[in-house]
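Me: I'd like to go through this model with you. Can we take it piece by piece?

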Amino acid sequence: MEHIMLTLADAASSDDPIVALRAIEKLRKEIDRVEAVAVRRARNANASWQLIALALGVSKQAVHKKYGRS
């Protein structure tokens, strides 16, 4: 995973703006995937939605809406 992120971050600084934009989109998707795994791990470790939200710099409502199960 780290290698992928580094490769994409390098491509995001490409002189070719289309190459950079494509790399940024792939980075966003990878970050979303990694974030979801981390949130699931935190919840499995009994972390509160408030603590997870604080760590992510968002509101409790936002993190619960994105990752909470109905």
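**Salt bridges and packing**

Reply: D32 is partly exposed, at 40% relative accessible area. Here buried means under 20%, exposed means over 50%, and partly exposed is in between, with a 1.4 Å probe and protein chains only.

Me: What is the source, and how are residues numbered?

Reply: This is a predicted model, with residues numbered from 1 along each chain as its sequence is written; local features need pLDDT of at least 70, and side-chain atom pairs count only at pLDDT 80 or more. Totals for chains, interfaces and linings use all residues, while side-chain values use heavy atoms, leaving out hydrogens and water.

Me: Back to D32. Which residue does D32 form a salt bridge with?

Reply: K66, with the closest N and O atoms 3.9 Å apart. A salt bridge needs a side-chain nitrogen of Lys or Arg within 4 Å of a carboxyl oxygen of Asp or Glu.

Me: Why does that pair tie together parts apart in sequence?

Reply: Because D32 lies in helix α2 and K66 in helix α4, the pair links parts that are 34 residues apart in sequence. Helices are DSSP runs of H or I with at least four residues, strands are E runs with at least two, and numbering starts at the N terminus.

Me: How many salt bridges in the whole structure?

Reply: Five. One of them joins R28 and E25, with the closest N and O atoms 3.7 Å apart. Both residues sit in α2, three residues apart, about one turn of the helix. R28 is exposed at 52%, and E25 is partly exposed at 34%.

Me: Which residues are linked in a network?

Reply: E25, R28 and K29, through salt bridges.

Me: New topic. How many residues does α2 have, and how far does α2 reach?

Reply: It has 28 residues and reaches 40 Å from first C-alpha to last. That is close to the expected 40 Å at 1.5 Å a residue. The expected span is 1.5 Å times one less than the number of residues.

Me: Which residues of α2 are buried?

Reply: A20, A23, L27, E30 and V39. The buried residues of α2 pack against α1 (2–12), α3 and α4.

Me: What does V39 touch, sequence neighbours within four places aside?

Reply: V39 is in contact with W49, I52, L56 and Y67.

Me: Last one. Which residues form a nonpolar patch on the surface?

Reply: I18, L21 and I24, with about 260 Å² of accessible area together. Areas use the Shrake-Rupley method with a 1.4 Å probe; for residues, only the protein chains shown count as cover. Patch residues have over 30% relative accessible area and no salt bridge; like charges are joined within 9 Å, nonpolar side chains (Val, Leu, Ile, Met, Phe, Trp, Tyr) within 5 Å. I18 lies in α2 (residues 17–44) and is partly exposed, at 45%.

Key: Contact = heavy atoms within 4.5 Å.
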